[in-house]
Amino acid sequence: MSQVTIYSTEYSAMSEDDRKAFATLVAFGGAVKVDRVRAGIQHQGAKLVIAKINGEMIGCAALKSPTEGYRAGLQKGKAQFALPEEAYPHELGYVAVLSGHEGQGWGSRLCEIVMLLAGRDGVFATTGTASMLTRILPGLGFKWVGVVWNGEQNQKDKKKPDLHLLVRPRLDNTENFAANRAKGNFGKCLPADYSSLKDG
Ligand SMILES: CC(C)(COP(=O)(O)OP(=O)(O)OC[C@H]1O[C@@H](n2cnc3c(N)ncnc32)[C@H](O)[C@@H]1OP(=O)(O)O)[C@@H](O)C(=O)NCCC(=O)NCCS
């Protein structure tokens, strides 16, 4: 029988094998290089969520601590939407599921755990991936904001993806993420055009 584990951790508590596996899994899609992921997961406060089957890392996601420079670049040059640290202290990112395990709910589950770690805090995310944009993030209460921009060239397919900014604003004291999620209070869909997007 397969042994499935899904848990949150941080860089300092991870084995070197797991650090490598995390960075390699995220970099596999070609959107970001291994070294950049390694640097990002070391940021103070970053929380990492990992899924394993029989000890093999098959999925990951992170509650990231964005740098001021990155945040400023998004605000001014890219999405053109204000992202003050007090309103959006975290970013959901580094979401990846090993090919062969996609489409089985791992991506949704990993992102849901990231949002549980964020509690009531505001969170932003950027993506060019259809399933994230139309299903996973809206299903967690994220809304599309700002303008679409052209991302860096993907190392694999050499294309420059259209990237989108989504935010889940801070919940007020009467709201509870887990309860909202259980009641299905989050919208699933963004504008109809997005239904034609394909992953990859
Ligand atoms: C994006 C990714 C993490 C999704 O992981 P996953 O485990 O396959 O996702 P899930 O199985 O949880 O599916 C999530 C939802 O997306 C839907 N979906 C799948 N492919 C889709 C597509 N091409 N367009 C729209 N929705 C799609 C599924 O039907 C499911 O919806 P539902 O929960 O409402 O039924 C995974 O495909 C991946 O690693 N992609 C490469 C890396 C990447 O793009 N990461 C995101 C960076 S922001």
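Reader: Which residues does Tyr94 touch, not counting residues up to four places away in sequence?

Author: Tyr94 touches Val26, Val37, Gly40, Ile41, Cys60, Ala61, Ala62 and Lys64, where contact means C-beta atoms, placed from the backbone, within 7 Å. This is a predicted model, in which local features need pLDDT of at least 70 and side-chain atom pairs count only at pLDDT 80 or more, while totals for chains, interfaces and linings use all residues. Residues are numbered from 1 along each chain as its sequence is written.

Reader: New topic: what is the strand order in the open sheet?

Author: The open sheet has seven strands in the order 1-2-3-4-5-7-6, with mixed pairing; strands pair if DSSP finds at least two bridges between them, and strands are DSSP runs (E, at least two residues), as helices are (H or I, at least four), numbered from the N terminus.

Reader: And which strands stand at the edges?

Author: Strand 1 (4-9) and strand 6 (143-150) do, each with a single partner strand, so one side of each is left without a neighbour in the sheet.

Reader: How many bridges join strand 5 to strand 7?

Author: Five bridges join strand 5 (residues 123-127) to strand 7 (residues 162-168), and the two run antiparallel; within this pair, Val123 stands opposite Arg168 in strand 7.

Reader: Turning to the ligand, which residues are closest?

Author: The closest of the 22 residues that surround the ligand are Glu102, Gly107, Ser108, Thr129 and Ser131, counting a residue as near if its C-beta atom, placed from the backbone, lies within 6 Å.

Reader: Which helix gives the most to that shell?

Author: Helix 5 does, with six residues.

Notes. Two residues are in contact if their C-beta atoms, placed from the backbone, lie within 7 Å.
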